[in-house]
Amino acid sequence: MAHPSQLGFQDAASPVMEELLHFHDHALMIVFLISTLVLYIIVAMVTTKLTNKNILDSQEIEIIWTILPAIILILIALPSLRILYLMDEINDPHLTIKAMGHQWYWSYEYTDYETLNFDSYMIPTQDLTPGQFRLLETDHRMVIPTESPIRVLVSAEDVLHSWAVPALGVKMDAVPGRLNQTAFISSRPGVFFGQCSEICGANHSFMPIVVEAVPLKFFENWSSLMLKDT
């Protein structure tokens, strides 16, 4: 999860988020090189008293500064489009979960099971135990198996919400009357935090998302206990 004064992204917990981190570094390096070149040109023009007559009217330079930005844009666009298509790819999900946004909590329904569903409310500050995070902990976590394709169907019952978990590289709008879908694979066990990312009313800041990724055998034990309780 994020920590105070953090400058970069959270550690990736899914293959898609790893790709996004690599693309971020790729784009940032291009921006850094362009900024360095522009700064050098500005400093050179301000400090020198000489004038190069070949630069004042040069067809070759105009061709270069027209083609070079086009090449740079292509170098940015191609990996970006690749990741966009990867994020939309949903191949044979092992588990489907429906996340429904409400004012101001989330409800989850494991559609592969008949009666496995629950509401997920934020734990009030006064009820937190040592080690739990304020405004991020919930009374019921969305538990998923690791290294398995997970499909999440996202919708809302009242107003616009957004189901977002940065470490997994997932962010999907929850729109009333519309069923959106996204998919991810958790590459390692862990607890990953997110929050509603669409302003949805007075308690918008108080509807966190907690995804707990566990090995498959532990997920099966958890689902069996939940089914017994229901």
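Which residue in E7 does His161 stand opposite?

1. That residue is Ala174. Strand E6 (residues 161–165) and strand E7 (residues 170–174) run antiparallel and are joined by five bridges; strands pair if DSSP finds at least two bridges between them. E6 and E7 form a hairpin with four residues between them, and Gly169 in the turn has a positive phi of about 70°. Strands (E, at least two residues) and helices (H or I, at least four) are DSSP runs, numbered from the N terminus.

2. Basis of the values. This is a predicted model, in which local features need pLDDT of at least 70 and side-chain atom pairs count only at pLDDT 80 or more, while totals for chains, interfaces and linings use all residues. Residues are numbered from 1 along each chain as its sequence is written, and side-chain values use heavy atoms, with hydrogens and water left out.

3. Transmembrane annotation. The unreviewed UniProt entry places the feature "transmembrane region" at residues 27–51 and 63–85; such annotations may be inferred rather than shown by experiment, and their positions follow the numbering used here, with feature names shortened. Residues 27–51 are 84% helix and 0% strand, with end C-alpha atoms 34 Å apart. The span 63–85 is 100% helix and 0% strand, and its end C-alpha atoms lie 33 Å apart.

4. Helix pair. The axes of helix H1 (residues 15–47) and helix H3 (residues 59–88) come within 10 Å and cross at roughly 170°. Axes are lines fitted to C-alpha atoms, for helices over the stretch in contact, and angles run from 0 to 180 degrees between N-to-C directions. H1 and H3 are therefore roughly antiparallel to each other (the term applies to angles over 145 degrees).

5. Contact of H1 with H3. Residues of H1 including Phe23, His26 and Ile30 meet residues of H3, among them Ile76, Pro79 and Ile83; contact means heavy atoms within 4.5 Å. By class, this contact of H1 with H3 has 12 nonpolar, two polar and two charged residues. Ala, Val, Leu, Ile, Met, Phe, Trp, Tyr, Cys and Pro count as nonpolar, Asp, Glu, Lys and Arg as charged, and the others, Gly among them, as polar.

6. In the unreviewed UniProt entry, the annotation "domain: Cytochrome oxidase subunit II copper A binding" covers residues 92–225. Over residues 92–225 the chain is 7% helix and 44% strand, and the end C-alpha atoms are 26 Å apart.

7. Five-stranded sheet. Five strands form an open sheet in the order E3-E2-E1-E5-E8, and the pairing is mixed. Strand E3 (117–120) and strand E8 (180–185) stand at the edges, each with a single partner strand, so one side of each is left without a neighbour in the sheet. The twist averages 25° from one strand to the next. Strand E5 (residues 149–156) pairs with E8 in the antiparallel sense over six bridges, and Val152 has Thr182 in E8 as its bridge partner.

8. Three-stranded sheet. An open sheet of three strands has the order E4-E10-E9, with mixed pairing. Strand E4 (142–145) and strand E9 (190–195) are at the edges with a single partner strand each, so one side of each is left without a neighbour in the sheet. E9 and strand E10 (residues 208–214) pair in the antiparallel sense over six bridges; Pro208 in E10 is the bridge partner of Gln195. Helix H4 (residues 216–229) lies across E4 and E10 and runs at about 140° to E4.

How values were computed:
Parallel < 35°, antiparallel > 145°, perpendicular 65-115°, else oblique.
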